[in-house]
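Here is a short briefing on one protein chain. Look over the sequence and the fold, then read on.

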Amino acid sequence: MSLFRHTGRTHLSVADTADSGHFLAELVLPGRRASVPIARHHVGTVLTAAGHRNVCNAQLVVTELVANAIMHSASGLAGGLVTVDLTALTDDLARIDVIDQGASTMPKVCMPSDAESSGRGLWIVERTALRWGVLDDALGGTAVWAVVLTADDPTHNMPKALIWAADAR
């Protein structure tokens, strides 16, 4: 198992969840701010059609990850692209992967001062997702992934080990 460290917290790698689940969709978008609401709508529509009952957290996470990819990577340059992959891990869990075209730095959680108007995206992802991580893409980009609960009741049909793991974060 690969581990990534972000501000002192350990996050599991893509290998921990990649072999399970049902791939739902892939969306390739231009690296422009106008793509953020398109990604949010797409994730909500696809998850709802797949039977997930509460898609708000997934929509929040994809909003932050796509915005970060556009703002902080080559995806935000002219002609840049951002890819969103969506997988249903269970009836109550979804995995979101956002792949950008690479940057000079790796994504990390920051906590800016109250006076700053941006910089909280991965902090929001960390608080919303059960787990998340960062991987180098084979094509030189960066893949940021997150696993999100999509149940009305977060403990509905969830294995106890998953609930405990979420509580232990």
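A residue counts as buried when its relative accessible area is under 20%. Aspartate 92 has a relative accessibility of 3%, so it counts as buried. Keep in mind that this is a predicted model.

**Overall make-up**
- The protein has four helices and seven strands.
- Read from the N terminus, its elements run β-β-β-α-α-β-β-α-β-β-α.
- Of its 169 residues, 45% count as buried.
- The accessible surface comes to about 8,900 Å², and 56% of that belongs to carbon and sulfur atoms.
- Take the contacts between residues at least 6 apart in sequence: 62% of them join residues at least 24 apart.

- Five strands make an open sheet, in the order 3-4-5-7-6, with antiparallel pairing.
- Strand 3 (22-30) and strand 6 (131-136) stand at the edges. Each has a single partner strand, so one side of each lacks a neighbour in the sheet.
- From one strand to the next, the twist averages 15°.
- Eight bridges join strand 3 to strand 4 (residues 81-88) in the antiparallel sense.
- Proline 30 has leucine 81, in strand 4, as its bridge partner.

**Helices on the sheet**
- Helix 1 (residues 35-49) packs on the sheet and touches strand 3, strand 4 and strand 5 (93-99). The direction of helix 1 makes about 165° with that of strand 3.
- Helix 2 (residues 56-72) also packs on the sheet, touching strand 4, strand 5 and strand 7 (142-149). The direction of helix 2 makes about 10° with that of strand 5.

**Salt bridges**
- How many salt bridges does a search of the whole structure find? There are four.
- Arginine 53 pairs with aspartate 92, and their closest N and O atoms are 3.0 Å apart.
- This pair links distant parts of the chain, 39 residues apart. Arginine 53 lies in the loop between helix 1 and helix 2, and aspartate 92 in the loop between strand 4 and strand 5.
- Arginine 53 has 40% relative accessibility, so it counts as partly exposed.
- Arg53 and Asp92 also belong to a network of salt bridges with Asp152.
- Arginine 95 and aspartate 97 form a salt bridge at 2.7 Å, N to O. Both residues are buried.
- Glutamate 126 and arginine 127 form a salt bridge at 2.8 Å, N to O.
- Is glutamate 126 buried or exposed? Its relative accessibility is 3%, so glutamate 126 counts as buried. Arginine 127, with a relative accessible area of 42%, is partly exposed.

Notes
Residues are numbered from 1 along each chain as its sequence is written. This is a predicted model: local features need pLDDT of at least 70, side-chain atom pairs count only at pLDDT 80 or more; totals for chains, interfaces and linings use all residues. Side-chain values use heavy atoms; hydrogens and water are left out. Two strands pair if DSSP finds at least two bridges between them. Helices (H or I, at least four residues) and strands (E, at least two) are DSSP runs, numbered from the N terminus. Axes are lines fitted to C-alpha atoms, for helices over the stretch in contact, and angles run from 0 to 180 degrees between N-to-C directions. Contact means heavy atoms within 4.5 Å. Buried means under 20% relative accessible area, exposed over 50%, partly exposed in between (1.4 Å probe, protein chains only). Accessible areas come from the Shrake-Rupley method with a 1.4 Å probe; for residues, only the protein chains shown count as cover. A salt bridge is a side-chain nitrogen of Lys or Arg within 4 Å of a carboxyl oxygen of Asp or Glu.
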